[in-house]
There are 2 protein chains.
Amino acid sequence: MGAGQLARMLAEAASALGVWTTVLAERGDDAATGVACEVILGSPTDASAIAALAGLCDVITFDHELVDLDVLRGMQQGGAVVRPSPDTLEFAVDKSFQRAAFSAAGLPIPDHVVLGGSEAEDIRRLRAFAGGLGAPPVVKLARGGYDGRGVCVAGSLEEAESASLAWRRGGSVVVAEAPVAMRRELAALVARRPDGETVTWQVVETAQVDGVCREVLVPGSLDAATEAEAEALAHRVADVVGLAGVLAVELFDTAEGLLINEVAARPHNSGHWTIEGSVTSQFENHLRAVLDLPLGATDLAAPATATVNVFGSEPGDGRFDLAAALANADAKVHLYGKVARPGRKLGHVTVCGTDPATVREDAWQAAVALGTSRPEQTMGEPR
Amino acid sequence: MGAGQLARMLAEAASALGVWTTVLAERGDDAATGVACEVILGSPTDASAIAALAGLCDVITFDHELVDLDVLRGMQQGGAVVRPSPDTLEFAVDKSFQRAAFSAAGLPIPDHVVLGGSEAEDIRRLRAFAGGLGAPPVVKLARGGYDGRGVCVAGSLEEAESASLAWRRGGSVVVAEAPVAMRRELAALVARRPDGETVTWQVVETAQVDGVCREVLVPGSLDAATEAEAEALAHRVADVVGLAGVLAVELFDTAEGLLINEVAARPHNSGHWTIEGSVTSQFENHLRAVLDLPLGATDLAAPATATVNVFGSEPGDGRFDLAAALANADAKVHLYGKVARPGRKLGHVTVCGTDPATVREDAWQAAVALGTSRPEQTMGEPR
């Protein structure tokens, strides 16, 4: 279900394994439609489209969380094999459910409060919560946010209140969280079979600008203790959510330890580096996990890997300056078959090597050649 | 043109680069039809089918040599970009042309004679040639042979004569060659852009059984001098044929040096190891070469790599015991989406690592799990 770039890269991995792929796409030119074996056009929340998909597939899996859990549960009760399960997806789909469940499981998450009552009650709770923080809270849509959308990093309590009210009036549940004083952002990636067999990859450092991931450094500036803590957390999350497939845990590294920011029960942007940087990619292991096949090795293929995302800077015609991007013989370019629009994620570049600074510069150079603008600073010191 | 496994793996690499692929397929279920963006059904020798393909593509390339050079030359004159060019393809399509041209260029090839005259003349020439050899010659179809087909390793002069006569009476030109006392078979792989920029990969050792490649060892048992000689030969061949794309040179290693056995102006079975074993695969560099883009690095990704081909042993239903093949976490399985038939090439398995014996055994184990039978001996000592 879903035919974006994640489905496209899943279909590439599926082709190598000889696995037939059918995608449920909203549009005929979605990124995965060119490479999937078969395409069904329809909405991911339309029960009849999903029933058609289920009729053609042994296993249904996902490249996004914009799903209707009730419809999926119905499909599952009707005998369809849905992996990850709707129960697992709920953790990624619904932040208020996730925060409550993770809190109950003793997993480290930011202090938060769920706003889902009357307007007066919500305002009272938000003010009480903010009063205890001594800083304006970060407010988030419980459902439907991604890539910085659905998140308001408020500069004042008033701003937090007005964002909350607007979303509440639109019928959405809102989660208000304590702003986190973090040293850096990390991501831990895990693949788990239905029987519990689990593998993890090297924990990575990620750089977000305006809530959007711009680059991933492997291994980044991690110390061994933090890495072990992040890996253990990913294992625990995989068990708590009953994972079948790949799951990414985005983490805040703080002075008091790690906090779970987001989870995605699917291949994730922070794991694209695994295509070249690991013996088995997140895409191949996601397929192997949901098909209940033995998982592939996740050893590093190189001491240092950097992945930089490619975004549109201005409207394009679907053509890119591949010659400039490929001028560096080590740059591995991935383009998703999309037409450029400002801010649209169009591809990524990965470079593997031995020197972290070199692979990072090389990856940025190729990404810039493809039209991405490079911010002054993504992590650490400004350039 | 062509929609077999080579086109399938080209389409996988094209998808990563964001390159749109249209395949000209003879059958709707050919291996590449599931993964190519667009499929045209038609014969690779049908001018109207090729014209339709040319109308949809910026560049035409190939996954086989069963082409009509005159039709392709006509397309080229009409403005189509055909890479490799028909002039290059002729070296791979027509062994009698190739042997004459390579001989003129001073490239090392087996002693040979071309049989294309009257029956009496052919027999006279064959007998004179065999008389000088002191052994029965190997006779080969000048066009259309592959995977051991179109080759008769004769046990006697009579057998060589009758094979030659039968093929000659069928209208084919025949090349008779001196049998080569070889120590082993090697393959050298080269990619070349239209402007002459050239890269080579590690030269490999291959094992043929009954004319069919069963396994590829990287780097195999090569000494540095032989490797340098093979690499230099690949460069020279690429220049002589005016290559744009990837070309494989199959070589006999003899006490007197290397001899060129076959050339294929396309990605080749002996280069499948490059998908995991090299920074850039033969498929990606073939695309980059024919699209006139800078070529990717060809450094080894691991000290030792083995690739074992998967053949059908009995008729199948398109399903394989993937769980058994993937039990080894390092085995990279490639299946081409084909239904098993005895002797049909269905896929391959690659394992990268540090110990040549271990990666070879691991690759064989996975290939056997997929239904391949393992011969007692492929190269060196029997098991």
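Guide: In chain A of this predicted model, A:Pro219 sits in the loop that runs between strand S10 (212–218) and helix H8 (224–241).

B:Pro84 belongs to the loop between helix H3 (69–77) and helix H4 (86–93) of chain B. A further backbone feature concerns phi: A:Asp292 is not a glycine, yet its phi is positive, at about 55°. This aspartate is placed in the loop between helix H10 (282–290) and strand S13 (304–311) of chain A.

The domain assignment divides chain A into domain 1 (5–82), domain 2 (111–177) and domain 3 (182–382). Where domain 1 and domain 3 of chain A meet, 16 residues of domain 1 and 19 residues of domain 3 take part in the contact. The C-alpha centres of these two domains of chain A are 23 Å apart. Between domain 1 and domain 3 of chain A, about 1,500 Å² of area is buried, and carbon and sulfur atoms give 70% of that area.

Charged and polar pairs also occur at this boundary. Between domain 1 and domain 3 of chain A there is 1 salt bridge. A:Glu65 and A:Arg266 form a salt bridge in which the closest N and O atoms are 2.6 Å apart. The two domains of chain A also share 4 residue pairs in polar contact. Sorted by class, the side of domain 1 of chain A that touches domain 3 has 10 nonpolar, 3 polar and 3 charged residues.

Salt bridges are found elsewhere too, and the structure holds 46 of them over all chains. One of them pairs the side chains of A:Lys95 and A:Glu262, at 2.6 Å from N to O. A:Lys95 lies in helix H5 (residues 95–104) of chain A and A:Glu262 in strand S12 (residues 257–264) of chain A, so this pair ties together parts that are 167 residues apart in sequence.

It remains to consider how the two chains are arranged.

The interface itself can be described in numbers. Chain B and chain A each give 33 residues to the contact. Together they bury about 2,700 Å², with 51% of it on carbon and sulfur atoms. Across this interface there are 4 salt bridges. B:Arg319 and A:Asp58 form a salt bridge, with their closest N and O atoms 3.3 Å apart. Chain B and chain A also have 22 residue pairs in polar contact between them.

Which elements of chain B give two or more residues to the side that touches chain A? They are helix H1 (5–17), helix H10 (282–290), helix H11 (322–325) and strand S14 (332–335) of chain B. Helix H1 of chain B supplies the largest share of that side, 5 residues. By class, the side of chain B that touches chain A divides into 19 nonpolar, 6 polar and 8 charged residues.

How values were computed
Residues numbered from 1 in each chain as written. Chains lettered and ligands numbered in written order. Predicted model: local features only at pLDDT ≥ 70, side-chain atom pairs only at ≥ 80, totals over all residues. Heavy atoms only, no water. Domains from an automatic or database assignment. Contact = heavy atoms within 4.5 Å. Buried area = accessible area lost by both parts, 1.4 Å probe. Polar contact = N/O pair within 3.5 Å; in protein donor to acceptor, adjacent residues only side chain to side chain. Nonpolar A, V, L, I, M, F, W, Y, C, P; charged D, E, K, R; others polar. Helix = DSSP H or I, 4+ residues; strand = E, 2+ residues; numbered from the N terminus.
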